[in-house]
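I opened the notebook to keep a record of what I looked up in one structure.

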Amino acid sequence: MRVLLIGANGYIGRFVADRLLADPAVQLTALGRGDDADVRFDLATGSPGALTRFLDAVHPGVVVNCAGATRGGARELTRHNTVAVATVCEALRRSGCGARLVQVGCSAEYGPSQPGSSTAEDAVPRPGGPYGVSKLAATELVLGSGLDAVVLRVFSPAGPGTPAGSPLGRLAEAMRRAMQSGDGELRLGGLGAQRDFVDVRDVARAVHAASLSAAQGVINIGSGRAVRLRDAAATLARVAGYGGALHELDGPPGVLRPTIGHPRTESVGHRIDALGHHRTDGLGHHRPDPLGNRGERTDPEHASPVTHPYPDGCGSWQQADVRTARDRLGWRPRIALEESLADIWMEAACRI
């Protein structure tokens, strides 16, 4: 089976490439913008005609699209997430290869959901930000293309290779810095959100299964269980061997809730906010956020910062209904969140 993989150098794409290469029945060709791609092609600027000529030459049986952008303004997100998919769909329609399309979507397409609920594929999408809108537009293009196609709506991927700018990546980096500096106190904000974390290697297994199946439409890929970010932080501290106190900054102003360890007297310059808030220097003065985030304010008379939403525009809760993946792909998640977090920590700990 010839498979054309688009976006092989991305976070999910790297693991999809490894999974497909492990299948002796697969002949893999990688297409992307990087120098190490088998074929260099920019979907955001390349023409459908040029891609059609390549498809006719390679004649893949499956095209897997893992490419896209997660950051940037609305114009950039639209170009890389929507226009790029339109190019793929049009090229496949023009080509005589008859390839099946596996599109990697995102749970941000659904937007906020009711706490306690599981989101099924028939839920009405209401994305809460430009990223979700751009990915939803791509999904609609795929579903309306008339192609043999399936869209995998991936919930919150975790595990090795997790981007440092993601919430779990920032948690690990802040913990590494605290341990490196000998700081016995870590102050974390934005831990109230609950997300459905799924290991990126399990996502790669789902892509492989979708490539071999005849399933069409939208299929959720998640663990089926929402986890509060503060619980993920506690697990990360345990696997990291961090013995200091974790303080949560969420909640009413002036309320500081220790979640791990015991509080100590705070020294000047040892306040760390791992999830994107400004911090103070112990004297009530604003200091730059060590993780490079902007736009938050800390009240010098209170420990709590102004609460900001989880950055995916999905509100306080997301949990996948994964029965369709089980029934139509024969897929179930295998890797527990603790193992995913341990791998995130191993990479963070090795970072200089």
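**Entry 1: ground rules**

I note that this is a predicted model, in which local features need pLDDT of at least 70 and side-chain atom pairs count only at pLDDT 80 or more, while totals for chains, interfaces and linings use all residues. Residues are numbered from 1 along each chain as its sequence is written, and side-chain values use heavy atoms, with hydrogens and water left out.

I took helices (H or I, at least four residues) and strands (E, at least two) as DSSP runs, numbered from the N terminus. For accessibility, I used buried for under 20% relative accessible area, exposed for over 50%, and partly exposed for in between (1.4 Å probe, protein chains only).

**Entry 2: salt bridges**

Side chains of opposite charge can pair when their charged atoms come close. I counted a salt bridge where a side-chain nitrogen of Lys or Arg is within 4 Å of a carboxyl oxygen of Asp or Glu. How many salt bridges does a search of the whole structure find? I wrote down 14.

I looked up Asp-312 and found a salt bridge with Arg-195, with the closest N and O atoms 2.9 Å apart. This pair links distant parts of the chain, 117 residues apart: Asp-312 is in the loop between β16 (286-287) and α8, and Arg-195 is in strand β9 (residues 194-195). Both Asp-312 and Arg-195 are buried.

Next I looked up Arg-238 and Glu-338, whose side chains meet in a salt bridge of 3.6 Å, N to O. Arg-238 lies in helix α7 (residues 229-240) and Glu-338 in helix α9, so the pair ties together parts that are 100 residues apart in sequence. Arg-238 counts as exposed at 52% relative accessibility, and Glu-338 is partly exposed at 41%.

I also noted that Glu-90, Arg-93 and Arg-94 are linked in a network of salt bridges.

**Entry 3: Asp-199 and Arg-201**

I found Asp-199 in strand β10 (residues 197-199). Arg-201 forms a salt bridge with Asp-199, and the closest N and O atoms are 2.7 Å apart. The two side chains are also joined by a polar contact of 2.7 Å. A polar contact is a pair of N or O atoms within 3.5 Å; within protein, one must be able to donate a hydrogen and the other to accept it, and residues adjacent in sequence count only if both atoms are side-chain atoms.

Is Asp-199 buried or exposed? Asp-199 is buried, because its relative accessible area is 2%. Arg-201 has 25% and is therefore partly exposed.

**Entry 4: Asp-23**

I placed Asp-23 in the loop between α1 (11-21) and β2 (27-32). Asp-23 is buried yet has no salt bridge. Which side chain of opposite charge is nearest to Asp-23? I found Arg-19, which is 7.4 Å away. For charge, Lys and Arg count as positive and Asp and Glu as negative, while His and the chain ends are not counted. The side chain of Asp-23 does reach the backbone nitrogen of Ala-25, at 2.9 Å.

**Entry 5: His-59**

Most residues other than glycine have a negative phi. I noted His-59 with a positive phi, near 55°. His-59 is in the loop between α2 (48-58) and β4 (62-65), and is partly exposed because its relative accessibility is 40%.

**Entry 6: helix packing**

Two packed helices are described by the angle between their axes and the distance between the axes. The axes are lines fitted to C-alpha atoms, for helices over the stretch in contact, and angles run from 0 to 180 degrees between N-to-C directions.

I looked up α1 and helix α6 (residues 200-212), which pack at an angle of about 60° with their axes 8 Å apart. α1 and α6 are therefore oblique to each other. Angles under 35 degrees count as roughly parallel, over 145 as roughly antiparallel, 65 to 115 as roughly perpendicular and the rest as oblique.

I then looked up α2 and helix α3 (residues 74-94), which pack at about 50° with their axes 8 Å apart. α2 and α3 are therefore oblique as well.

**Entry 7: pairs from distant positions**

I found Leu-77 in helix α3, buried at 2% relative accessible area.
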